[in-house]
Amino acid sequence: MSLVQRNAWTLGLLVLFVVLLGVTRAIQPGFGVSGLESLARAALPFAFATAAMAVVVIVGGIDLSVASMMAVCSVTAAVLMQSMGGVPAILITLAVGTAMGLVNGALIVLTRVPDIVVTLAMLFVWQGTALLILASPGGTATDWMRSAITGSVIVDGLPKALVLVALVVAVVWVPVKRSKLGLAIYATGSDETAAYRSGVAVGRTRTLAYGIAGLFSACGGLGLLALTGVGEPVPGPYLLAAVASVVLGGVILGGGIGGLLGPIIAVFILRIIRTILTLAAVDPNVTTIVEGTIMVGVVMFGAVLVLRSRGAGP
Amino acid sequence: MTPSDDPLLDAQGVAKSFGAVRALTDARLTLARGEVVALMGANGAGKSTFVKILTGALQPDRGHVRIRGQSAQVGSPAQARRSGLVPVYQEPSLIPDLCVADNLRLVDTPVDGFRHWLTELAHGDLRLDAMIRDLPLASLRIVDLARALAMRPDVLLLDELTAALPTDLVDRVLTVARQQAADGRGVIYISHRFAEISRLCDRATVLRDGATVGEVDIAPGIEDQVVEMMLGARIDLGKRAAAIARPRPEGRPRLRVENLAVAPKLVDASLALHPGEVLGVVALEGQGQDELFDALAGFRTPLSGRIEVDGVAAGFRHPADAIAAGLTLVPGNRAEALFRERSVRENIAMPFSARPGAWGPLRMRHEKARVAEAIERLQIDTRAQGEVQRLSGGNQQKVTIGRWLAHGVRTMLLFDPTRGIDVRTKRQIYPLVRELADQGAAVLFYTSELEEIPLACDRAIVIFNGRVVDMVEATEADEERLMRAAYGLTGSEGAA
């Protein structure tokens, strides 16, 4: 299989995104650099939440506590930044996020309770934890943190927020994917029994995948803090949005197939669709209907294409 | 094997129980350098449990498995690999969503060695970037085997590897396995095929009822001795004289199957089943009987051949089609047939209430009377309101079969209905089956336990290697005759 074939889904999403950008320009000729920048800024927490979700879905699980973990990380960083510098606060927050993810994973592996049940329970646990840390929105973000996601970098029209997401995901995920751990993650998600028989430490692999998801959730929490400037203890609408982007991004619920690039492009697609509908003055309630319809449509269309190219019927 | 020479693998006194079921009591196996040893046993002898313990996937309750004299118990498949034992399982252990090269990396397989063995196994042109999911079954087995060989294992365990392979590849596999032994390594070979075992193996270790009952050196004409060892003295399940010579029924059969082929394992099956008849199906595991029953129940579409119900050709595209044609499957796995959380009463009533077209309100009084009658006949020793999952396995199976007594059934497909059921309940199930037939039902009865054939059936067909190879009357169906037939030792498909 060629490189193009293997990444056909991701390339298709990229084309779709470019087309949608064109549509936006057509509706609103004034949509330019600043429009792109605010799109990327708004997409930042969604992108990290989606990266977190994608990793656990690839390993064959699901993490319903992503948004709650983001809330914990957002308030942790907001509180710490008042008492210490930005950098230590960020490092501690990343560690906290990773630890929460590892706890999720370890609970799933040790108790053998299904992922969806454990992470649903942890959704409430982390939600309560966030409120214990900060009962109402508060704390602060450092100025350099806020400016880190504002404006463009290198050339006009390349938003800093976008570069940041790409950089962080690349730094975390590329080494993992190239390592034995990455193979083990895909193997476990694809066929857990076969992986076990091949000598993969399945339990450790799943736990580590949840740990990576926790790390991405921490990035999402930090992104949220940078975006709003205050720590927000109540989880945002990131859980279902992340699941939607993961599915649209070509990751198969059930595991083993997909990557992180597709889901992150899907985040931008879902955001820009929202922008287009807003610009076209569509009723906000209709907007969600359209979003849902597009998701089902694209995934169905993609499945048909895949079946055609394999030359096999259902 | 000289006494000073440690065996490559030494398993002694291995025992394993699952709840009340004692799968293994005293399994033993030794393998010396340069040896190929066959592990044999009839269905239910404990072979697959033993294999799981040898490869570290299960831990024994008692006994030990030592690889190359190491005293440590093998704790996991990964550890077994490091000790030098690499298995090739019946089910390929390759990851479907990874390409061949990634599957190699996953277990640190040397690629050069892998390529070498691929060429030896006639797959030199296989691309390493091919996805496992896209490869045909035979190639999967070859990739699995080449990957195992590339690890240069001291002990290679081949579990029914050749079942899915065409003849020319089987020859290659046997050559390669023999070569391993010639290089001073060892091979454990698990197969039902005497022809292959006599070509390849030095010794056979025979397992029966969870214990190793003997070892024999492979020599010409050894088959009879091995069959005898696999049978041994079985528990007498009922009156031996139960088999009565019933005349072959005349007239139009209820169900006729002609030259049926169903992917992947059933090649050519023909049979005729008459009302009032219980026709047994004898087959070792994986000879195509699963495909036969699935096709008759509408779960799988046949590749070719013909199914006739009451003389009319039937093309089942959905289980509902088969049910509408009067074919009822009782699956081997009881959990697939019952609603475990619901009561016995509801489970007995279910086929009746769910009958196609019965959308109107249930006729409760009518239903209650029928259910009460059924429960009484089944002698189920529990309150009828209890959840089905609280019944013993045997009583659950009585419900799955007996409920059809209450509703009437035209053609019943029983797939290994007595698997894992105690002897006393088994004795209650045979009369149930008989009663169904006496009511006019036609019954197809597959069982993995040969001694049941003369007790429950009028006659039996034997499936070997995807083909119906023999037909035995119940009066002649002693276990030895059946076992020989099941191993392909009679008829034209017999041992080479």
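This is a predicted model: local features need pLDDT of at least 70, side-chain atom pairs count only at pLDDT 80 or more; totals for chains, interfaces and linings use all residues.

Student: At what angle do the axes of helix 4 and helix 12 of chain A cross?

Tutor: Two packed helices are described by the angle between their axes and the distance between the axes. Here helix 4 (residues 66–83) and helix 12 (residues 238–248) of chain A cross at roughly 125°, with their axes coming within 7 Å. Axes are lines fitted to C-alpha atoms, for helices over the stretch in contact, and angles run from 0 to 180 degrees between N-to-C directions. Helices are DSSP runs (H or I, at least four residues), as are strands (E, at least two), numbered from the N terminus.

Student: Which residues of helix 4 and helix 12 of chain A meet?

Tutor: Contact requires C-beta atoms, placed from the backbone, within 7 Å. Val66(A), Ala67(A) and Met70(A) of helix 4 meet Tyr238(A), Leu239(A) and Ala242(A) of helix 12. By class, this contact has six nonpolar, no polar and no charged residues; Ala, Val, Leu, Ile, Met, Phe, Trp, Tyr, Cys and Pro count as nonpolar, Asp, Glu, Lys and Arg as charged, and the others, Gly among them, as polar.

Student: How many residues of helix 9 of chain A are buried?

Tutor: A residue is buried if 20 or more other C-beta atoms lie within 10 Å of its own, exposed if 12 or fewer, and partly exposed in between. In helix 9 of chain A nine of its 11 residues are buried, including Leu183(A), Ile185(A) and Tyr186(A). Their cover includes helix 8 (160–178) and helix 11 (202–228) of chain A, together with helix 3 (100–106) of chain B.

Student: How many residues does each chain give to the contact between chain A and chain B?

Tutor: Chain A gives 17 residues and chain B 16 residues. Helix 9 (180–190) and helix 10 (192–197) of chain A each supply at least two residues of the chain A side. The largest share of that side, five residues, comes from helix 9 of chain A. By class, the chain A side has 11 nonpolar, four polar and two charged residues.

Technical notes:
Residues are numbered from 1 along each chain as its sequence is written. Chains are lettered from A and ligands numbered from 1 in the order in which they are written. Two residues are in contact if their C-beta atoms, placed from the backbone, lie within 7 Å.
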